[in-house]
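Hello,

Here is the structure we spoke about. Please look it over, then read the notes below.

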Amino acid sequence: MIQGFKDFIMRGNIVDLAVAVVIGTAFAAVVDVVVSSLITPLLNAMGGAEASGLGFHIISGNPATYMDFAAIINALIVFLLTAAVVYFVIVVPMNKVNERMGFGKEEEAAPAEDVVLLTEIRDLLARENR
């Protein structure tokens, strides 16, 4: 019973998914703050000293029509950094552990008797037709 539970827990896809959700959620918050604090001001500075950021108003003077490209770039950066950290810190080491423990490898089954017989017949026919 304990061995079955251990096998269930050590299945790569379950562990990867659980860890990715927990670590990804926690790390996304950290990356979001870093990107918002460092990258957003740099992107907004590209608009010039008097610009309100990296974007524009569709209708002048209407703040509801502001298209904020810096927020889109920030979201992409947060996603890519989170995915990279989860992959390199969690998935790659877990795959190496699974490789060492032999999970996911299937033993080669011996061919069935009819396949062996058909192979022998094929080989005999090939020798006769030379």
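Helix α3 covers residues 69–101, and at 1.5 Å a residue its 33 residues should span 48 Å; the end C-alpha atoms lie 47 Å apart, which agrees. The expected span is 1.5 Å times one less than the number of residues in the helix. Helices here are DSSP runs (H or I, at least four residues) and strands are runs of E (at least two), numbered from the N terminus.

A word on the source. This is a predicted model: local features need pLDDT of at least 70, and side-chain atom pairs count only at pLDDT 80 or more, while totals for chains, interfaces and linings use all residues. Residues are numbered from 1 along each chain as its sequence is written, and side-chain values use heavy atoms, with hydrogens and water left out.

Back to α3. The helix bends by about 35 degrees at tyrosine 87. That bend is the angle between axes fitted to the seven residues ending there and the seven starting there. Just after α3, glycine 102 has a positive phi of about 85 degrees.

Which residues of α3 are buried? They are Ala70, Asn74, Val78, Thr82, Val86, Ile90, Val91, Met94 and Asn98. Buried means under 20% relative accessible area, exposed over 50%, and partly exposed in between (1.4 Å probe, protein chains only). An α-helix has 3.6 residues a turn, so residues three or four places apart point the same way.

**Nonpolar patch**

Phe56, Ile58, Ile59, Met67, Phe69, Ile72, Ile73 and Leu76 make a nonpolar surface patch of about 730 Å². Its largest share, four residues, comes from α3. Isoleucine 72 sits in that helix. Patch residues have over 30% relative accessible area and no salt bridge; nonpolar side chains (Val, Leu, Ile, Met, Phe, Trp, Tyr) are joined within 5 Å, like charges within 9 Å. A salt bridge is a Lys or Arg side-chain nitrogen within 4 Å of an Asp or Glu carboxyl oxygen. Areas come from the Shrake-Rupley method with a 1.4 Å probe; for residues, only the protein chains shown count as cover.

**Alanine 20**

Alanine 20 belongs to helix α2 (residues 12–45). Its relative accessible area is 25%, so alanine 20 is partly exposed. Leaving out residues up to four places away in sequence, alanine 20 touches Thr25 and Val86. Contact means heavy atoms within 4.5 Å.

**Whole chain**

The chain has four helices and two strands, in the order α-α-β-β-α-α. Buried residues make up 15% of its 130 residues.

Best wishes
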